[in-house]
Amino acid sequence: MQHTKLINNILGWLVFILACITYFMTMEPTVSWWDCGEFITSAFKLEVGHPPGAPTFMILGRIFTLFAPDASKAAVLVNSLSAMASAATIMFLYWTIVHLANKLFSEEKSSGEQLAVWGSGLVGALAFTFTDSFWFSAVEGEVYALSSLFTAMVFWAILKWEDVAHEKHANRWLVLIAYLMGLSIGVHLLNLLAIPAIGLVYYFKKYEFSWKGVVYALAASMGVLLGIQYGIIPNVPRIGFLFDRVFVNTLGLPFNSGIIFMVALIAVGAYFGLRYTRQRNMVVWNNAITMVIVILIGYSSFGIILIRASANPPMNQNHPDNAFALVRYLNREQYGDRPLFKGPYYNAPRIATKNPKDQYNKVDGKYEITGTMPGGSVYEPKMETIFPRMYSDKSNHVQAYKEWGKVKGTPVRVRDRGEVKTLQKPTFGENLRFFFSYQLGHMYMRYFMWNFVGRQNDLQGHGSFEYGNWVSGISFIDEPKVGPRDNMPEWMLNDPSRNVYYFLPLLLGLLGLFFQYNQGKKGKETFAVTMLLFVLTGIAIVIYLNQYPYQPRERDYAYAGSFYAFAIWIGLGVLAVYSGLKKLIKGAPGAVLATLIALVAVPGVLATQNWDDHDRSGKYMTRDYAKNYLESCAPNAILFTYGDNDTFPLWYVQEVEGVRPDIKIINISYLGMDWYISQQKFATNQAAPVPFSFTKDKYYMGRMDAVLFQDRIKGSVELSEAMEFLGSDDVRTQVKVTSGAMLDYLPSKDFHITVDKQKAVESGTVKPENAGQIADRVEFRINKNMITKSEMAVLNMIAANNWERPIYIDHSLVFTGNIYFLDWLQFEGLAYRFVPIKTPKQGVTAGRIDTELLYNNVMNKFVWGNVNDPDIHMDEYNRKQIDIMQARYMFIRLAQALINEGQKEKAIEVADKMFELFPNEIIPLDYSSFQMADQYYRAGATDKANEKVRIMAENCFAMLDYYASLPAHMAAAIQNDQNRQISHLRNLVIITRNNKQDELHQELDTKLKELITTFQKKAGA
């Protein structure tokens, strides 16, 4: 027995080491996209990230970063936390599978059975090691790896309790589980979903089976889950606020003193509660109180959020430095709600608003109500449903609802804004069709199949046959879904992100599932526990998230717990294989053979298929792109950004690596909130405060959330005077709307900013040699009837700045429609500078160009993070970011401007640099590179131009040949892509003709005509 335990422990640590080696070899050496920059920053400097925060992750990440030799290594240390947490998850998975496998045999196992049990643990754990979704999270600084570890630990801990449940101190395992649950709240709420499975384990161990008992056990465990999620998590801070408001407003004590009193009250209550139940031998109640207390101790990690918010770090989201702000922070109020049990369809008229929510702020040492926020909308009851799945009224979401749900609807007569209308209400069947086809099928089962059958590519899929589907590698199964591969272009055919497993992991998992279920009473009990874990961490999350279509990114990481549960069945599948083999090969040889077959067929296949596209060991692109954003800006600049990927990496490089600490980075998506506007009025690092003309009472939440326009003045208004008008307390600066509310308004849509030419030059906004081009005033018009608080804040900051500091916007803001001075920009790389020199925007082209400045940025300052290394997989996020940042467009515009100035040699250097950085071998040349070929011709580099034209043409023809091979039912889906390729070829034909490249022109023209004829014949047929 001792030897068995020792071997089992050694094997557990062995899989930990193998997983560690895998993840450390493939780990990203610096920051990644999305929230990673924010999480690494919060860990390194203990700054406050987005709601509801991750203080446990923050503290552990900070411990890891203490070992960094310098700040530039902080990211790799936080990534290491994820790698080690993921490897530990694999270790606990191994021990979990072994425990469950042991229960399927008698106490006295043969050597073959024991070896098969260990083999099942090895196969299941190593299979999960190499799964697509888990591996992705294991090598970056995000919370999901640590969250998976907590899930693995609590599930393993309940199995450890099961082994010793009859012993005196067995309940210490339950206390440990409760503590881990409390800690996990400071990482992510996902692991709370393991509670019902834990409840079943407890029930099966303590009670004789009955269906009534199972129902009671599930109800009790669901009650515990809901009690933590909807009781402890929101109500502890809410009660803390009630205490604090009394202590501050009535007793005159400092802010947060009420929270301290509440903590002391809980401690005293816990002491007397434990003492009372111990004295009266009330074991169950004593354990219950102990478990609640340790959950609260774990949950107390959120105290660091209050402490750090009070220290005003540069990143301080929601500024939760008091009890009320903490309540809002933990409730994620800025993100809004989604209906779950009852709610509207997408076309339901709003008929009223719910009671507004009072907003408290710290005013003169007290909590004061400073405004109200809408309490939500009330909808026409006839247009509501139970279990609402199609609720978003955004036009693209509505279209997707109709397509996925095949909505025809049924007519319903309703009153909308005083008018009786007939609306098409989706039927409940159509509502369910959307749920099953999109939410369950596309947004869960597709991800499940990615991990256990195969993945078409890493392009985000929205239902098209071309992007992000599951594939198996078996042609007759895949082709009806994603089309034939025979005529695919080489770069698609050999895409590293195409991974196929031939159904092997799925089949082994299904074998394990059925084998477990068929092993008598113990088998059925463990099957029920595993199935419950699988469903609650998969389908239950689908129901809870209630996702709308066109998510910003793929969401497979949310279901890692469900894939973890299926990996248990993959492991148990070894026992099924052994059960079949032992009829031919008895004893230990049969067990070894079963294990080896399964190891090669599942973990072996997963590892070899997934390694190349999960290896991020040489990627520095995210960090370097962020540096380029900041290096695009002049000293002491203000930089407005928009989204996650053009903000979080910038925060990282500035806060952690100390790049350009003089720049004030402002994400305008946050400027709709009073706390964020206020933060811009303070210095951060070496960046001076941003001027803003309003005091906080003018823009509290609930005030200036919307600013209307009234055409009361003809002609333009000085922007600073408009802001003065807007900030006035005079009742005449407000207008009553139909709801009866008084809203602020501006008397004109036309504005101007008088230019102090001397300041514009002295601040570096305009070079002295360009001073003669400065306009007397900057003029712009807002073609909307209303602007938001964030738009108002940008205008106020610009007016208050008065040309004292350079102001920049990032690429995204050129296209969002909420920046109104697009005719007054200067293009300087990855950012545009606001300048008092007019350059009317034409299509996507905005801003004038200072070739000397832009050339220096592009050719000397910017770094590109191994983007052209053939050994590094260019994943979708990086390809997408190249397009979003318009990196190639930047080179093209610079080359064009240099040629216009007669600097043709420099233009050729710029073109060479672009094709060197973004070669055809890494990112196939397409229409985005077309204009640079034209610049080659203009600069006299004809051979280089012809070479690039040929490559682009070959790529086009390859794509069109592939499109021509597709079956008719797929033709409509690629029609736009096909037309784009044909249009691109026509452009190539035109530039070769215009540049007198007769032979090449004739070759391309002939091929294009032949291809168009082929498509026409096919369409006619």
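Analyst: Start at asparagine 801, which sits in helix α29 (residues 789-801). Helices here are DSSP runs of H or I of at least four residues, strands are runs of E of at least two, and both are numbered from the N terminus. The model is predicted, so local features need pLDDT of at least 70, side-chain atom pairs count only at pLDDT 80 or more, and totals for chains, interfaces and linings use all residues. Residues are numbered from 1 along each chain as its sequence is written, and side-chain values use heavy atoms, with hydrogens and water left out.

Asparagine 801 is buried, at 3% relative accessibility. Buried means under 20% relative accessible area, exposed means over 50%, and partly exposed lies in between (1.4 Å probe, protein chains only). Leaving aside residues up to four places away in sequence, asparagine 801 touches Ile638, Pro691 and Ile807. Contact means heavy atoms within 4.5 Å.

Next, glycine 590. Its place is in helix α23 (residues 587-614). Glycine 590 is buried, at 0% relative accessibility. With residues up to four places away in sequence not counted, its contacts are Tyr578, Leu581 and Ile585. From glycine 590 to isoleucine 543 is 47 residues in sequence and 43 Å in space, C-alpha to C-alpha.

Now the core. The largest nonpolar core holds 325 residues, and Phe640, Leu671, Ile809, Trp864, Phe891 and Phe918 touch the most other members. Helix α4 (residues 74-102) gives this core its largest share, 20 residues. A nonpolar core is a set of buried Ala, Val, Leu, Ile, Met, Phe, Trp, Tyr and Cys residues joined through side-chain atoms within 4.5 Å. In soluble globular proteins, nonpolar side chains tend to be buried together. Phenylalanine 891 touches Val858, Trp864, Val910, Lys913, Met914, Leu917, Phe918 and Met932, not counting residues up to four places away in sequence.

Then the backbone. Most residues other than glycine have a negative phi, and most peptide bonds are trans. Methionine 704 has a positive phi near 55 degrees. Methionine 704 lies in the loop between α26 (674-680) and β13 (706-709), and is buried at 4% relative accessibility. Asparagine 312 also has a positive phi, about 55 degrees, although it is not a glycine. Asparagine 312 is in the loop between α13 (303-310) and α14 (323-330). The peptide bond from proline 51 to proline 52 is cis, with omega near 0 degrees. Proline 52 falls in the loop between α2 (36-45) and α3 (55-65).

Last, the cysteines. The whole structure has zero disulfides. A disulfide is a pair of cysteine sulfur atoms within 2.5 Å. Cysteine 20 is buried at 11% relative accessibility. Cysteine 36 is buried too, at 1%.
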